[in-house]
Amino acid sequence: MPVDRFVFRSTHTIGAAAAEQDDSYLTECFVDTGILSILHNCEDHRCILVGRTGSGKSALIARLREENEHAIAIHPEALSLAYISNSNVIKFFAEAGVNLALFYRLLWRHIFVVEVLKERFGIDSEIQKQNFLTNIWNSITRNRKYEMALNYLEDWGDSFWQETDYRVKEVTSKLERDLQGAAEASIPSFGKLNFLAARKLTNEQKEEVIHRGQQVVNRIQIKELSASALYSGTSRPFL
């Protein structure tokens with residue numbers, strides 16, 4: 001019995017190598033296996049998509065964005081992670097023993113909250129940012145939680161319409177300046193801060209660096225930021 005065969009010619013194509021690049025075939029060939037409805041449901045606690053290479057993660061995300069006008073994508077390569085990992089100041093304090101977990105929590109929450117607020121209120125210029133803050137101030141009741149949130153947004157609002165990597169560098173640079181000041185206060189005569197310098201600290205110096213450095217990290221406005229997330233109606237990604 002003859003077998004039907006299809007011959008691919010040099011001019012044929014069967015789609016792009018990756019789903020996020022396949023504008024021609026993704027919509028036509030996408031098959032929903034039930035996962036897409038889970039991703040659509042913001043009340044579903046299953047919110048992390050895991051799978052091996054080629055299992056369809058990118059296709060699901062592309063389809064989700066296609067079907068949801070206000071879906072937001074933040075790409076890891078836009079987060080300036082190299083800037084953080086190459087920071088000599090942060091390396092110094094991490095090696096000395098300062099717990100920076102609170103800073104990293106603030107950083108990621110800050111990025112996501114600002115992205116959601118930009119999308120929710122269409123903030124892409126200084127004028128729109130000022131209009132947004134003015135309208136919010138005029139419409140809310142004088143609630144301490146809301147005032148904390150708006151004070152936070154005013155402090156960091158200058159970068160609302162900037163790229164994501166700009167905001168990562170902005171928050172990290174502020175922490176670096178504060179930590180630098182803490183180091184100078186701890187050891188006035190100490191030289192350049194880096195990973196190796198932290199290893200040369202005496203036990204007494206290390207205790208002082210940890211004490212002052214941890215004070216800087218603990219002052220991070222995590223409560224104000226949490227209030228900002230709740231006010232914008234975006235609490236789920238930040239639990």
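In this predicted model, helix α9 meets helix α11 through a defined set of residues. Leu175, Asp178, Leu179, Ala182, Ala185 and Ser186 form the α9 side of the contact. On the α11 side stand Glu208, Val209, Arg212, Gly213, Val216 and Val217. Sorted by class, the contact comprises seven nonpolar, two polar and three charged residues.

The geometry of this pair was examined next. Two packed helices are described by the angle between their axes and by the distance between the axes. Helix α9 covers residues 164-186, and helix α11 covers residues 203-218. The two pack at an angle of about 150°. Their axes lie 9 Å apart. Angles over 145 degrees count as roughly antiparallel, and α9 and α11 are therefore roughly antiparallel to each other. The crossing of α9 past α11 is right-handed.

From the N terminus on, the order of elements reads α-α-α-α-α-α-α-α-α-α-α-α.

Contacts and surface were then computed for the protein. Among contacts with a separation of 6 or more, 73% join residues 24 or more positions apart. The protein has 239 residues, of which 33% count as buried.

Note on methods: Residues are numbered from 1 along each chain as its sequence is written. This is a predicted model: local features need pLDDT of at least 70, side-chain atom pairs count only at pLDDT 80 or more; totals for chains, interfaces and linings use all residues. Side-chain values use heavy atoms; hydrogens and water are left out. Axes are lines fitted to C-alpha atoms, for helices over the stretch in contact, and angles run from 0 to 180 degrees between N-to-C directions. Helices (H or I, at least four residues) and strands (E, at least two) are DSSP runs, numbered from the N terminus. Angles under 35 degrees count as roughly parallel, over 145 as roughly antiparallel, 65 to 115 as roughly perpendicular and the rest as oblique. A crossing is left-handed if the near helix is turned anticlockwise from the far one by less than a right angle, and right-handed if clockwise. Contact means heavy atoms within 4.5 Å. Ala, Val, Leu, Ile, Met, Phe, Trp, Tyr, Cys and Pro count as nonpolar, Asp, Glu, Lys and Arg as charged, and the others, Gly among them, as polar. Buried means under 20% relative accessible area, exposed over 50%, partly exposed in between (1.4 Å probe, protein chains only).
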